[in-house]
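Subject: Structure handover

Hello,

Here is the structure I said I would pass on. Please open it beside this message while you read.

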Amino acid sequence: MTPLNAAQMARAQQIHRLLGSGGLAQAVTQARALAQEAPAAPDAQQLLGICLGQAGDGVGAEAALRRALQLAPGQPNVLANYATLLRKLGRHAEALECWQQVTRSLPTQPAAWLELGLCALTLGRASQAQSALQRATELQPGNARAWHGLGNARRAINDLAGADAALRHSLDLQPGNARAWATLGGVQRMLGRPQQALVSYQQARQHGGEGPELSDAEIGARVEVGQLTEATAQAQQLTREYPDYVPGHVTRANIQWEYGERGDGAEDPLNAFRGAADARPEHGELQLAYVSFLLEAKRCEEALQRLAQLRGREDHPLLVTLQANALELLDRPDQAAPLYAQAHRDWGRDNPSFLNAYVRHLLKAGQWDRAAELSRHAVDIDPDNQESWAYLATAWRLLGDEREHWLCDYEQLVALVEVQPPPGYASMAEFLDALMATLDRLHQATTEPVRQSLRGGSQTSGRLFGRPEPEIVAVEQALLRAIEGRIASLPVNPEHPYLRRRQRSVSFSGSWSVKLWSSGNHVNHFHSEGWMSSAFYVALPPTVRQAAEDDHAGHIQFGQPPVELGLNLPPRRVIRPQLGHLALFPSYLWHGTVPFVDEHPRVTIAFDMLPKA
């Protein structure tokens with residue numbers, strides 16, 4: 001390794017000044033000359049790499065920085081510049097390795113911890129990002145960017161209260177950061193505070209924030225606070241102003257589906273989405289989103305027509321998979337089979353989402369050994385994939401494999417827990433009356449959401465827990481006490497996919513209320529976003545409360561796969577709901593409800609939970 005001499009150092013400083021003053025082309029020319037004159041000086045090669053990187057020559061920049069690292073192996077400054085280039089080139093995993101080396105060499109350098117955390121966050125390594133960004137804020141408490149990143153990392157690990165605190169700290173340091181305001185609004189919605197979120201989004205706009213993403217977030221918050229007219233109008237404006245912004249069309253379709261008029265003469269809720277897709281036949285992302293919505297809405301024939309057109313233009317295994325899914329929903333498994341096999345060969349061997357779709361087909365086709373094999377592979381890839389465990393349990397049951405009982409243990413892992421009334425209420429009945437009055441005001445939808453399990457009912461929008469209504473605050477606290485008591489009774493088993501994750505408490509990853517009308521029910525399903533799931537009984541129709549012992553109307557059942565799989569398996573356990581009681585169970589268990597007939601609704605609060613250390 002050869003250092004630059006005094007004259008060369010002066011020239012290097014001049015090159016840095018040119019970079020700072022906009023003289024990039026001249027800086028590149030001089031950096032090339034310096035690197036040729038001092039080929040053994042890592043500083044010269046590093047400076048050339050920096051200049052070429054700023055000039056957009058990624059290949060040349062990487063070559064120069066690699067030469068610098070060969071001349072000065074492990075040199076932190078060179079590694080930092082190389083990591084910055086790699087991230088710019090989209091090679092985040094390689095950049096992460098470099099930043100890890102830098103932090104080992106310079107453990108008190110806050111910028112290195114910050115970049116390590118942001119890189120980990122990009123890669124979806126939320127826990128690693130949280131640790132690195134926490135360290136960055138400790139080393140440099142006044143760095144607003146580090147606090148913003150920490151807020152994002154905490155949100156990714158579902159520490160919403162911590163995310164809220166970090167983002168507020170970032171905004172105390174940099175109140176004009178529109179992105180931080182928008183991020184805070186998203187966290188506030190996840191905390192069940194949509195009214196606060198609207199204020200944060202307004203702050204984002206006041207500080208220069210704009211674009212379709214911000215409008216889309218505002219629309220969601222408006223729905224959650226009940227501003228349906230405003231939300232509908234803003235969704236229409238969003239799709240007009242940004243016709244290529246696909247999530248906007250999905251948002252508008254969901255609002256129209258869930259809150260639009262129903263009955264004879266009502267407009268098809270998919271009309272606007274269909275029109276947008278027809279107007280842009282070459283927009284692949286828009287076409288895929290519309291096809292996916294069609295499949296969720298069980299409009300499978302139209303989906304097949306679209307998919308045939310799309311595959312005729314530019315085929316892809318994802319399109320093959322969607323076509324197979326549509327055929328499966330239409331009960332045409334013989335036509336779906338070769339498509340699933342093709343997609344598995346070309347694309348889906350290590351994709352849990354695809355494997356789950358393929359396993360559904362295999363279960364229905366009677367290929368239970370193969371279904372178990374692929375489900376086992378899916379949980380090896382993603383050990384917390386609730387859908388894969390649900391299908392594996394079904395395959396084991398069909399094969400007579402006793403591991404189904406080990407996995408599901410319907411008697412021990414499913415519980416109906418009595419919840420104590422919150423302070424200030426003489427009885428649970430008194431509290432449920434007050435809670436029901438609050439929930440009634442939140443149920444505004446005219447039908448169920450397109451992507452949910454309920455049929456014949458409505459679901460509240462957004463997060464329920466975190467809302468300011470006193471009854472919602474009280475029920476969340478009462479339920480958490482009951483949950484922690486239940487968790488304490490669970491055994492510890494490091495080999496079991498449910499019990500190995502047991503902690504002392506939980507965080508809520510989603511919460512909502514469901515109102516089922518007469519003849520309504522939940523089709524058998526699982527919860528993909530949880531570890532433990534639930535149903536708290538707020539109101540039960542007389543026909544459910546007074547049903548005979550052998551009448552299961554309105555009951556919750558466990559272990560029965562969806563009807564569309566055609567397996568004709570009975571439920572493993574059926575529980576009679578009781579007012580003021582809470583059903584708790586692993587999120588991967590198949591569960592649903594039996595339809596009932598009554599003029600009074602069946603009202604529950606449901607939520608998913610993740611372990612909280």
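Predicted model: local features only at pLDDT ≥ 70, side-chain atom pairs only at ≥ 80, totals over all residues.

An open sheet is built from 3 strands in the order E6-E5-E8, and the pairing is antiparallel. Strand E6 (573-575) and strand E8 (591-593) are the edge strands; each has a single partner strand, so one side of each is without a neighbour in the sheet. From one strand to the next, the twist averages 25°. Strand E5, residues 556-558, runs antiparallel to E8 and is joined to E8 by 3 bridges. If you want a pair to look for, glutamine 557 has glycine 592 in E8 as its bridge partner. As background, the strands of a sheet pair through backbone hydrogen bonds, in either a parallel or an antiparallel way.

Strand E7 and its partners

Is strand E7 (residues 581-586) buried or exposed? In this strand, 6 of the 6 residues are buried, so E7 is largely enclosed by the rest of the structure. Strand E1 (residues 415-418) pairs with E7 in the antiparallel sense, over 4 bridges. Within that pairing, valine 417 has leucine 582 of E7 as its bridge partner. Strand E4 (residues 532-539) also runs antiparallel to E7, with 5 bridges joining the two. There, serine 533 stands opposite phenylalanine 585 in E7.

Helices H16 and H17

Helix H16 covers residues 271-279 and helix H17 covers residues 284-296; the two pack at an angle of about 145°, and their axes are 9 Å apart. Their crossing is left-handed. Which residues of H16 and H17 meet? On the H16 side they are Phe273, Arg274, Ala276 and Ala277, and on the H17 side Leu286, Gln287, Ala289, Tyr290 and Phe293. By type, the residues of this contact divide into 7 nonpolar, 1 polar and 1 charged.

Histidine 249

Histidine 249 sits in helix H15, residues 246-259. Its relative accessibility is 6%, and residues under 20% are counted as buried, so histidine 249 is buried. Leaving aside neighbours within four places in sequence, histidine 249 is in contact with Thr239, Tyr242, Pro243, Phe273, Ala276 and Leu286. Of these, Phe273 and Ala276 in H16 and Leu286 in H17 also take part in the contact between those two helices.

Alanine 303

Alanine 303 belongs to helix H18 (residues 300-313). Where does alanine 303 stand in terms of burial? With a relative accessibility of 0%, alanine 303 counts as buried. Not counting residues up to four places away in sequence, alanine 303 touches Val291, Leu294 and Leu295. Leucine 288 is 15 residues from alanine 303 along the chain, and their C-alpha atoms are separated by 9.8 Å.

Glutamine 14

Glutamine 14 lies in helix H1, which spans residues 6-21. Glutamine 14 is partly exposed, at a relative accessible area of 30%. The side chain of glutamine 14 makes a polar contact of 3.0 Å with the side chain of arginine 17.

Regards

Definitions and conventions
Residues numbered from 1 in each chain as written. Heavy atoms only, no water. Pairing = 2+ DSSP bridges. Axes fitted to C-alpha atoms, helices over the stretch in contact; angles between N-to-C directions. Left-handed = near helix turned anticlockwise from the far one by under 90°. Contact = heavy atoms within 4.5 Å. Nonpolar A, V, L, I, M, F, W, Y, C, P; charged D, E, K, R; others polar. Buried < 20%, exposed > 50% of the residue type's maximum accessible area, 1.4 Å probe, protein only. Polar contact = N/O pair within 3.5 Å; in protein donor to acceptor, adjacent residues only side chain to side chain.
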